[in-house]
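Colleague: Please take a close look at one part of this model for me. I would like the salt bridges and their surroundings, in one connected account.

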Amino acid sequence: MSTLVSEYFDTLSERQKAQFEQLPSLYSEWNAKINVVSRKDIEQIEERHILHSLGIAKYTQFVSGTKIVDVGTGGGFPGIPLAIMFPEVEFLLVDSIGKKVKVAENIAAAIGLTNVRVKHSRSEEIHEKFDFIVSRAVTAFPDFVKMTRHLVSTTNKNACHNGILYLKGGDFDDEIKAFGTSVVVENLTDFFKGEFFETKKIIHLAI
């Protein structure tokens, strides 16, 4: 079992452990064909992509039947690690770049994820409703909110209020100022150790 994930999540089933264990080699294989992760990061994929994605699972838990859309999923982050962590939650992984969608689709199939759909689309073209939108910093936060807020359902069933869960690094105080008290920002160093996480945060915008 991958030591980093098991260090922070000690209640994984054998199936979940096996799925997480397969991810690094699968991404390495696909990355050799289609560049979805930087060459530098592929060697650190467990920390910089898998564990980073799971910051959302440290911030909140989702009840069975929750619907989540991962906008700008690329090769499947944060959607695939979260789908492993929450097998009773439905995930739609969306990206406008077809070859990246192909990678996410193939990896989800290879590890037997049955709670994941993948779609080659822009978020503006999707008309379903979801409890949460998740993403890893695909654009400036106000622009992302404009592009995606129509996807959020008004019916809340989780302890965490419906909205956007956005993983982002660096200084973005100006980007979130306009949202006032609707925004919560959590440092990932509250959950994970290591230099990589020192500038990484999760933004929760309640919608």
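Modeller: Helix 2 spans residues 14-33, and it holds both lysine 17 and glutamate 14. The two sit three residues apart, about one turn of the helix. Their side chains meet in a salt bridge, at 3.3 Å from N to O. Bear in mind that this is a predicted model.

How accessible are the two partners? Lysine 17 is partly exposed, with a relative accessible area of 28%. Glutamate 14 reaches 60%. The cut-off for exposed is over 50%, so glutamate 14 counts as exposed.

This pair is one entry in a longer list. The structure holds nine salt bridges.

Now take lysine 157. Its salt bridge partner is aspartate 131, and the closest N and O atoms are 3.3 Å apart.

Lysine 157 has 44% relative accessibility, so it is classed as partly exposed. Aspartate 131 has 3%. Buried means under 20%, therefore aspartate 131 is classed as buried.

A further pair is lysine 177 with aspartate 174. Their closest N and O atoms are 3.2 Å apart, in a salt bridge. Lysine 177 and aspartate 174 are both exposed.

Salt bridges also form a network here. It links Lys67, Arg117 and Glu128.

Proline 78 lies in the loop that runs between strand 1 (67-71) and helix 6 (79-85).

The other concerns alanine 137. Its phi is near 35°, a positive value in a residue that is not glycine. Alanine 137 is found in the loop between strand 4 and helix 8. Its relative accessibility is 35%, so alanine 137 counts as partly exposed.

To recap the pairs: lysine 17 and glutamate 14 share helix 2. Lysine 177 and aspartate 174 are both exposed.

Methods:
Residues numbered from 1 in each chain as written. Predicted model: local features only at pLDDT ≥ 70, side-chain atom pairs only at ≥ 80, totals over all residues. Heavy atoms only, no water. Salt bridge = Lys/Arg side-chain N within 4 Å of Asp/Glu carboxyl O. Helix = DSSP H or I, 4+ residues; strand = E, 2+ residues; numbered from the N terminus. Buried < 20%, exposed > 50% of the residue type's maximum accessible area, 1.4 Å probe, protein only.
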